[in-house]
Amino acid sequence: MKRNLIIVLFLVVAATAGYYWFAGENTPFSKDNALYKAVPVSAPLFIEFNSMGAIPSGNLVINEMQEAGIANSWFEFLQKSDSLIQITEDLPGNLRNNPFILAFGISGRNELVPLITTKAESQNKQLAYELLIQKLYPSGSFSYTEKEYGKHTITEIAPAGGGESLFYSFANGFLLVSSKSIVIEQVLRQMSTQGILKNPYFIEVSRTTANTSISIFLNHAWINSFLANILTRSATSLTDEFGAVRRNQPAVKAEKFRDFASWSGLDLRLGNNQI
């Protein structure tokens, strides 16, 4: 039964978004859409949170994603950041209230690479986020290395004893954080364009989303990259009531979602034990 909740949620997103698309029911679009510019254009999925407090600990959906290995360390990163801001006097408490996006870029052969982006348009906010990062990754246990990428700087944080690095960059009023530099580089290259904001189908779907705590967006053109990480391509054989043997291959069947729509979106409110 592992990952069933994620698959059901995915189906709900697609079906609900499809209803609003074909019914033509739109909610007023008044929220700030600037963050969408920093979403990788090839991201099959991204989740928009109105604040760090929008991620309830112990929620079934979040737990299932973590158990499935989807952004497990990133949800822990966000929850640890939220707790640290609350108990650290020299960290501005309003950092907890900033909207942010958890997107999934693509690297290599359908490898999902999480990317966190939030607005850091002022120098004070950039300094606050740098202080938060330094407290999460103290220099005594981690090394900091900078590299230039065009007009921007990407900083690598590497554990002193070896292990997975973290990368971050401030660019055009955004903070970008990822486990791979290549995803940040992709976003930096698209900064001179509007990214997904120039996609008319995404704009239509974004107008149906309201200012709830969490919004999920699916890019159907790239959704197979996401499904490949949660569905098996192994085939199973089933015998129907007439004795005929039918092969079932979940990943292959799920590829049909690519033709369902261009984009899908759904608003959520998550409690500890409810959606």
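Me: Are Phe-46 and Phe-217 buried or exposed, and what does the word stand for?
Reply: Both Phe-46 and Phe-217 are buried, a word that stands for a relative accessible area under 20%, whereas exposed stands for over 50% and partly exposed for what lies in between, with a 1.4 Å probe and protein chains only. This is a predicted model, in which local features need pLDDT of at least 70 and side-chain atom pairs count only at pLDDT 80 or more, while totals for chains, interfaces and linings use all residues. Residues are numbered from 1 along each chain as its sequence is written, and side-chain values use heavy atoms, with hydrogens and water left out.

Me: How many aromatic pairs are there, and what makes two rings a pair?
Reply: The count comes to 12 aromatic pairs, where rings of Phe, Tyr and Trp (its six-membered ring) pair if their centres lie within 6.5 Å, with planes under 30 degrees apart called stacked, over 60 edge-to-face and the rest tilted. In one of them, the ring centres of Tyr-36 and Phe-202 are 5.1 Å apart and the planes stand at 90°, so this pair is edge-to-face.

Me: Where in the chain do Tyr-36 and Phe-202 lie?
Reply: Tyr-36 is in the loop between helix H1 (4–23) and strand E1 (45–49), and Phe-202 is in helix H6 (residues 200–206), so the pair ties together parts 166 residues apart in sequence. The names of these elements come from DSSP runs, helices being H or I with at least four residues and strands E with at least two, numbered from the N terminus. With a relative accessibility of 1%, Tyr-36 counts as buried, and Phe-202 counts as buried at 0%.

Me: What kind of aromatic pair do Phe-46 and Phe-217 form?
Reply: The aromatic pair of Phe-46 and Phe-217 is stacked, with 4.8 Å from centre to centre and 20° between the planes. Distant parts of the chain are linked here, since Phe-46 lies in strand E1 and Phe-217 in strand E8 (residues 214–219), 171 residues apart. Together with Tyr-36, Phe-202 and Trp-263, these two residues form one aromatic cluster.

Me: Which residues does Val-205 touch?
Reply: Leaving out residues up to four places away in sequence, Val-205 touches Phe-217, Trp-263, Ser-264 and Gly-265, where contact means heavy atoms within 4.5 Å. Val-205 lies in helix H6 and, at 7% relative accessibility, counts as buried. Although Val-205 and Ser-264 are 59 residues apart along the chain, their C-alpha atoms are separated by 6.3 Å.

Me: Why is the link between Lys-147 and Glu-185 called a salt bridge?
Reply: The closest N and O atoms of Lys-147 and Glu-185 are 2.8 Å apart, and a salt bridge is a side-chain nitrogen of Lys or Arg within 4 Å of a carboxyl oxygen of Asp or Glu, so the pair qualifies. Lys-147 belongs to strand E4 (residues 142–149) and Glu-185 to helix H5 (residues 181–189), so parts 38 residues apart in sequence are tied together. Lys-147 is partly exposed at 36%, whereas Glu-185 is buried at 13%.

Me: How many salt bridges does a search of the whole structure find?
Reply: The search finds five salt bridges, among them the one between Asp-90 and Lys-135, whose closest N and O atoms are 3.6 Å apart. Asp-90 sits in the loop between helix H3 (72–87) and strand E2 (100–107), and Lys-135 in helix H4 (residues 123–136), 45 residues apart. Asp-90 is partly exposed, with a relative accessible area of 44%, and Lys-135 is partly exposed, with 35%.

Me: How do you know that H5 is largely enclosed by the rest of the structure?
Reply: Seven of the nine residues of H5 are buried, so the helix is largely enclosed by the rest of the structure. Including Glu-185, the buried residues of H5 are Ser-181, Val-183, Ile-184, Gln-186, Val-187 and Leu-188. They pack against E2, strand E3 (111–119), E4, E5, strand E6 (166–171) and strand E7 (174–178).
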